[in-house]
Amino acid sequence: MRVAVVAEQGEGGWLAEMPANGPGHGVFVRCDDLAEAVAERERSGDIRWVWPDTREVYPCLLRAGVRVARCHDVALVEGLLLSREGRGSDLASLAGAWARMRGTAAPPAVAAAAVTATGQQSLFDPPDPLFPDPRAALTALVSVHADQVRRIAADEHPQRFGLLAAAESAGALAAAEMAFHGLPWREDIHDAILTGLLGPRPVPGLRPARLAALAEAIREAFGGRAVNPDSPAQLLRALAADGVRLPSTRSHVLRGADHPAVPLLLDYKELARLHAAHGWSWLEEWVTAGRFRPEYVVGGVVSGRWATHGGGALQIPRVLRRAVVADPGWVLVVADAAQLEPRVLAALAGDRALAAAAGTGDLYESLASAFGGDRAKAKLALLSAMYGGAGGDAGQLLAVLRRRFPLAAGYVEAAARAGEEGRVVRSRLGRTCPPPSQAWRGITAQADDPESGDDRAGRWLRARGRFTRNFVVQASAADWALVLIAELRRRLADGEHGPQLVFFQHDEVIVHCPLEAADGLAQVVAEVAQEAGRLVFGPTAVRFPVTTSLVACYADAA
DNA sequence: AATGTTGGCGCG
DNA sequence: AAAGCGCGCCAACATT
């Protein structure tokens with residue numbers, strides 16, 4: 001049973017029952033307290049809630065203490081469908097889909113941005129301004145949903161695409177719940193780390209003591225010349241004045257240079273970045289009451305990986321993981337998929353030799369024999385195949401890979417070819433990469449003139465080849481991870497006092513869990529990982545091992 | 001003064 | 001040792 005939901009301004013809303021697989025709907029029912037109505041229905045049975053946008057509705061439900069098992073997020077599903085149909089995602093909203101169905105003008109992109117801009121929202125945001133009243137929005141919702149169900153069924157692999165739509169929607173639920181629970185974050189520990197590395201917190205605008213001292217030492221190393229170490233241009237000029245000419249001030253470039261300022265600069269850059277990106281201002285802005293609450297953007301990356309908006313949740317520096325500590329009586333269950341992308345490639349390509357290697361704990365180790373017993377070479381060969389690398393030994397190793405694992409090599413090379421030819425490629429579950437831009441078509445349309453030595457068209461061609469080559473693997477890995485999150489969420493007991501998903505980063509998940517409920521959770525994660533493999537890839541010899549640690553502190557995870 | 005771009009680096 | 005893919009965010013710098 002599916003139930004369409006539209007929230008009113010205030011606490012009320014409208015509901016309509018719908019069949020899962022076709023058009024039509026029951027009577028429109030108004031309720032004064034939408035959260036209560038949803039909770040009651042949720043208890044009564046197996047419902048998939050159909051709503052315009054999880055980000056607008058679900059946080060309000062969570063605040064009211066209501067958790068739902070399943071939903072169909074019309075905005076996210078529309079995004080998946082539009083990219084499959086080769087269209088931009090600017091119509092990926094209920095209003096946009098409704099306008100497209102009726103052939104009317106596209107609405108301005110609004111709702112979601114408005115929520116983040118103000119940072120606050122009323123209990124329920126008004127439905128999209130395109131709709132004069134909630135009944136009109138509900139009418140649109142029911143129609144757009146039926147249209148989406150039809151388009152999913154029309155996919156070349158409707159089962160897989162249906163799973164993708166369900167998993168993307170479940171991801172939206174998980175993301176909202178993670179933001180609601182928050183990642184446990186000890187402000188005192190964070191502050192102690194900063195103070196230990198940088199010195200006491202300075203008045204805003206000034207450098208902390210340690211950075212100030214380094215800046216002064218750098219000035220002296222340049223013979224007293226005033227240099228702002230934050231300015232790459234000034235650094236390059238100062239180095240050149242001392243006879244050291246560098247193409248950039250990147251760390252690895254600096255490391256190879258011979259100048260007394262180099263070690264100081266390397267220290268300065270590392271600490272300055274910590275201060276700027278995750279210093280005291282970050283702590284003040286993003287951590288409240290012992291919780292870091294990033295704003296996840298489900299499907300925010302073309303490959304289906306999540307992005308975040310604000311807080312940089314997917315770039316938490318390793319040194320700060322010390323500050324992520326479970327509450328007293330609770331534990332962090334940190335689960336990390338091992339060597340996910342090469343395993344995904346093995347499953348995608350149906351390469352039996354590679355799948356056999358991926359049926360073990362350490363994929364690279366079991367591949368080593370094919371590369372003269374050298375694990376590092378096996379790893380480099382796989383990474384080069386997936387990323388399109390060609391430097392160093394990569395060419396030779398790729399030749400070995402091609403000979404020993406022709407299906408796997410052929411899979412990524414076909415994807416690269418498709419990209420270079422301007423075609424699109426899809427993940428295992430059917431997420432579609434964007435088509436090339438007009439600029440790309442223009443530049444690659446005319447072949448390079450070999451006389452001029454200008455290789456612009458070739459470079460753009462190869463760049464898109466690398467993108468599509470990587471897309472099929474990265475996006476299919478994201479399919480797997482999304483299904484994992486959806487399955488894991490389903491298996492965890494809900495509620496305030498049970499295990500809570502609190503963090504998700506591409507191939508890694510953290511569950512904050514009461515000690516007494518942690519027993520067997522590692523086993524659950526392992527089972528869910530295999531289940532995700534089966535759901536996404538069907539029967540396969542490939543294993544998806546997960547390294548799971550039960551720790552008080554994130555920094556102590558394996 | 002406000003907005004956009006670049007260089008650099010954090011994470012997977 | 002770095003590179004090949006995907007991101008977000010900062011300060012500096014460029015442009016309006």
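**Note on the predicted model: DNA strand C and a helix pair**

1. In this predicted model, a phosphate oxygen of DNA strand C lies 3.5 Å from a polar backbone atom of Gly-311.

2. Four elements each supply two or more residues to the surface near DNA strand C: helix H12 (262-278), strand E10 (307-308), helix H17 (375-387) and helix H21 (456-491). H21 provides the largest share, with four residues.

3. There are 23 residues around DNA strand C, and those that come nearest are Ser-231, Gly-310, Leu-380, Arg-466 and Phe-467. Of the atoms of DNA strand C that come within 4 Å of the protein, 75% belong to sugar and phosphate.

4. What is the make-up, by class, of the surface near DNA strand C? The surface has 12 polar, seven nonpolar and four charged residues.

5. Helix H17, which contributes to the surface near DNA strand C, also packs against helix H14 (residues 340-349). The two axes are 10 Å apart and form an angle of about 70°; H14 is therefore roughly perpendicular to H17.

6. On the H14 side, the contact is made by Glu-341, Pro-342 and Leu-345, and on the H17 side by Leu-382, Met-386 and Tyr-387. By class, the residues of this contact comprise five nonpolar, one charged and no polar.

Notes: Residues are numbered from 1 along each chain as its sequence is written. Chains are lettered from A and ligands numbered from 1 in the order in which they are written. This is a predicted model: local features need pLDDT of at least 70, side-chain atom pairs count only at pLDDT 80 or more; totals for chains, interfaces and linings use all residues. Side-chain values use heavy atoms; hydrogens and water are left out. A residue is near a molecule or strand if one of its heavy atoms lies within 4 Å of it. A polar contact is a pair of N or O atoms within 3.5 Å; within protein, one must be able to donate a hydrogen and the other to accept it, and residues adjacent in sequence count only if both atoms are side-chain atoms. Ala, Val, Leu, Ile, Met, Phe, Trp, Tyr, Cys and Pro count as nonpolar, Asp, Glu, Lys and Arg as charged, and the others, Gly among them, as polar. Axes are lines fitted to C-alpha atoms, for helices over the stretch in contact, and angles run from 0 to 180 degrees between N-to-C directions. Angles under 35 degrees count as roughly parallel, over 145 as roughly antiparallel, 65 to 115 as roughly perpendicular and the rest as oblique. Contact means heavy atoms within 4.5 Å.
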